[in-house]
Every structure is written in structure tokens, then in C-alpha cells.
Amino acid sequence: MSTSTEDTFHGWACPGKHKPLEWTELPLKRFQDDDVELAVTHCGICGSDLHTMDSGWGPTDYPCVVGHEIVGIVTRVGKNVTNLKVGDRAGVGAQSGSCLECPDCKNEEENLCRGCKSGTYNSRWPTGEKTYGGYADKWRGHQHFVFKVPDNMTNEVAATFFCAGVTTYAPLKKYGVTKGSRVGVIGVGGLGHFAVQWAKAMGAEVLVISSSDRKREDAKLLGADDYVVGTDFDEMAKRDGRLTHIICTSFANDFDWTKHLSLLDRKGIFIMVALPESPLSGIPAGVLISRQITFAGSNIGSPKEIREMLEFAAETGVKPWIQKYPMTQAADAVQALRDGKAKYRFVLEN
């Protein structure tokens, strides 16, 4: 692979919908006093990458370099950077910028910023420059959204915490999962396999709800206490009202809302972190009202939550199940994810 100049990088750019990835030289954002530059060592592959390459969530601003589970070595810092130094190992998640001035930002909830918010890819910096992700050799962005990797965590393991990890950790923590909680996890995949581990580490009893029986043993190895196939209505009925929380990490168009919501006890909480391309429909108001169920959504996590998550993972030993691909084989890894072969997170390695 060819070498980038000081203000460019090379990455796997998607030039258009259903078009193959191309190794391309593209401009980095203009380096500013709050910026950090990374030599990318690893980048996790997320379902969001596929939705974006396919314009599934709306029109994508092509060419697009995806990847928002980025870890690397700090190679340059601006004069205002205080939390990192050259040589540190650091990571970046799905958000790379916010206004830092609105009420949400001031309340340390930058992921809810109502001002100028920058996604790590398919977005724009406040300067108007495009953001590009981590299927690449370099990344550059604001220090506020770059996090030091714990000393007892390798780069390849750390990468997937920055999206899949925090997307599941943050809402479980926010909605009070603790010892005595009974948590249902819908789907054992990139998100779900983290959710099972987080809930167990927080002290909860965990029920996995899956579309088939084939992940039963994996769920047990991850720490699940129980397992049920969502289409086995007799077994689902036996667990009626058992759960305090459900976190939905995987969603199909034929989802039976009544059967799944009926797993919740009175005043239970249903947390939606899956993001299907079609609107939700068929949600039964009767079950929500009669059991006073709270229906919640959650979007990635704030910088504060990311720091807390990394510390919690380092203390408890929560870690992803990963399979590595060389960065040169990014297209093969993307296709493998499309084919459902991830168990349970692919990571690209430079």
C-alpha cells in the first residue's frame, strides 16, 4: 500500500451504493490546536458501516470511508491537548465532535448535542470538511472524543468497545441494571454478546432471546442464565413477566411485540438499541399501558460513559469475541459480515 502525505490518508473508500471498496488517498481535516492524530492499528467492523455504504439510513455522502471503532497510536497532538501524548494508545467511537456549548453538552451528554454534531464518518466537521472513518491508515480529530486505552487491554480488543461496547453499556447503566435485575437480551451478535456480559458484570440474571437454538451454547459461555427461542411461544409464555429490563440489539420485520413485551414485569423497561431501516410498527399499546412499561431508545454513549465503560471493562474482564482480518482484506471482511459469519465482531488490523 502506498504512503500518505502529512495531510492525507489512505483508506478503503466506498464510491457509491453497491460499488466495491477502493483504496484511495483522501484529505485529512485541517490540523487544529485541539486535534489528535492516530496511526490506525485496528478498526472494528460495525453493522452501521453496511447501512451507510448501502445508503440504508438515507443518502450517503460518497465517497465514504466507514469505521467507527478505531484504535491506534497517537502520532501528533495540538497545543491544547492535555489528555493524550505522542505514543499513547487511544481510541475513537461513532462520534467525533459536538458543539460543547448546548445544554446537553454542558450536562456531559454530548451524544445528544443539539448543535453542531460530527459523526466519525459520513458527516462534516464544523469547518465543512468531510469526516472519514477507520478503514484507513490514519485518523485525525478533536481530543474531546479520543480516549486512552487501558493498560491491561490490547488494541485489537479495545476497538469494538468504542461502538458496540458503549452502545450496550450506556443504557444498561442508565436504566439501573444492578444486582437483582433480570435482563433479557434480544439477539446474540456484535451488540448482544456485549450486552450479556455487561448485564452479568452488573450483577443481573440474564435471559437471551434468540431467533434460533444455534447460539445457545455461546450464550451460556458468555454468562447467560437462560435461553429461549423467540418463536417458541410456549417457552416464551413460561417466562411471562419475569424480566425487569429488555435490551433489543437485533430486530426483524416479523418481530412479535406482544410476545416479547410480555416478558417484562410491571414497570419494566424495554431499551431499543437496534436501528432498523424501516419504521417500527405494530407496538401494542395495551401491553405498555397495562404493565406501565417504559419504552426507551439509546444512542451510542457520551465521552463520560465511554471512559466509565473502559474502566469497568478493565476491572471486570468484559471483552469481545473477535476475528481479525488484515486491513488489506477489508472487502472480504465486509462480505463476511453481510454473510452472517461474524462471531461476534470483525476487527481490521494494519
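**Questions on a predicted model**

Modeller: In this predicted model, Ser98 is found in the loop between β6 (95-97) and α2 (103-106).

Colleague: Which residues is Ser98 in contact with, leaving aside its neighbours within four places in sequence?

Modeller: With those neighbours set aside, Ser98 is in contact with Cys105, Glu110, Cys113, Cys116, Lys117 and Phe145. Contact here requires heavy atoms within 4.5 Å.

Colleague: Where is Lys179, and why is Lys179 counted as buried or exposed?

Modeller: Lys179 has its place in the loop between α4 (164-174) and β10 (182-186). Its relative accessibility is 72%; exposed means over 50%, so Lys179 counts as exposed. Apart from neighbours within four places in sequence, Lys179 is in contact with Met202 and Gly203. Lys179 and Cys163 are 16 residues apart in sequence, and their C-alpha atoms are 25 Å apart in space.

Colleague: How do you know that the span of helix α10 agrees with its number of residues?

Modeller: Helix α10 (residues 303-316) has 14 residues. The expected span is 1.5 Å times one less than the number of residues, so α10 should span 20 Å. The end C-alpha atoms of α10 are 20 Å apart, which agrees.

Colleague: Which residues of α10 are buried, and what do they pack against?

Modeller: Pro303, Glu305, Ile306, Met309, Leu310, Phe312 and Ala313 are buried in α10. These buried residues pack against β9 (146-148), α4 and α5 (192-201). After α10 comes Gly317, with a positive phi near 85 degrees.

Colleague: Which residues touch the most other members of the largest nonpolar core?

Modeller: They are Phe161 and Trp198, in a core of 44 residues. Leaving aside neighbours within four places in sequence, the contacts of Phe161 include Trp198, Met309, Leu310 and Ala313. There is also a second, separate core of 38 residues, with Tyr121, Tyr135, Ala336 and Ala342 among them.

Colleague: How many cavities of 30 Å³ or more does a search of the whole structure find?

Modeller: The search finds three.

Colleague: What makes up the lining of the largest cavity, by class?

Modeller: There are six nonpolar, one polar and four charged residues. Among the lining residues are Phe9, Trp125, Lys130, Gly133 and Arg140. Gly counts as polar, and Lys and Arg as charged. Strand β8 (residues 138-142) gives the most to this lining, with three residues.

Colleague: How do the residues lining the second largest cavity divide?

Modeller: They divide into eight nonpolar, three polar and no charged. Including Gly93, Gln95, Phe145, Val166, Pro303 and Ile306, these residues line the second largest cavity.

Colleague: What is the omega of the peptide bond from Tyr62 to Pro63?

Modeller: Omega is near -5 degrees, and the bond is cis. Pro63 has its place in the loop between α1 (47-53) and β4 (70-77). The peptide bond from Lys343 to Tyr344 is also cis, with omega near 0 degrees.

Technical notes. Residues numbered from 1 in each chain as written. Predicted model: local features only at pLDDT ≥ 70, side-chain atom pairs only at ≥ 80, totals over all residues. Heavy atoms only, no water. Helix = DSSP H or I, 4+ residues; strand = E, 2+ residues; numbered from the N terminus. Core = buried A, V, L, I, M, F, W, Y, C linked by side-chain atoms within 4.5 Å. Buried < 20%, exposed > 50% of the residue type's maximum accessible area, 1.4 Å probe, protein only. 1 Å grid on protein atoms, 1.4 Å probe; cavity = no way out; pocket = protein on both sides within 12 Å on 5 of 7 lines; lining within 4 Å. Points joined across faces, edges and corners; volume = space filled by probe spheres on them.
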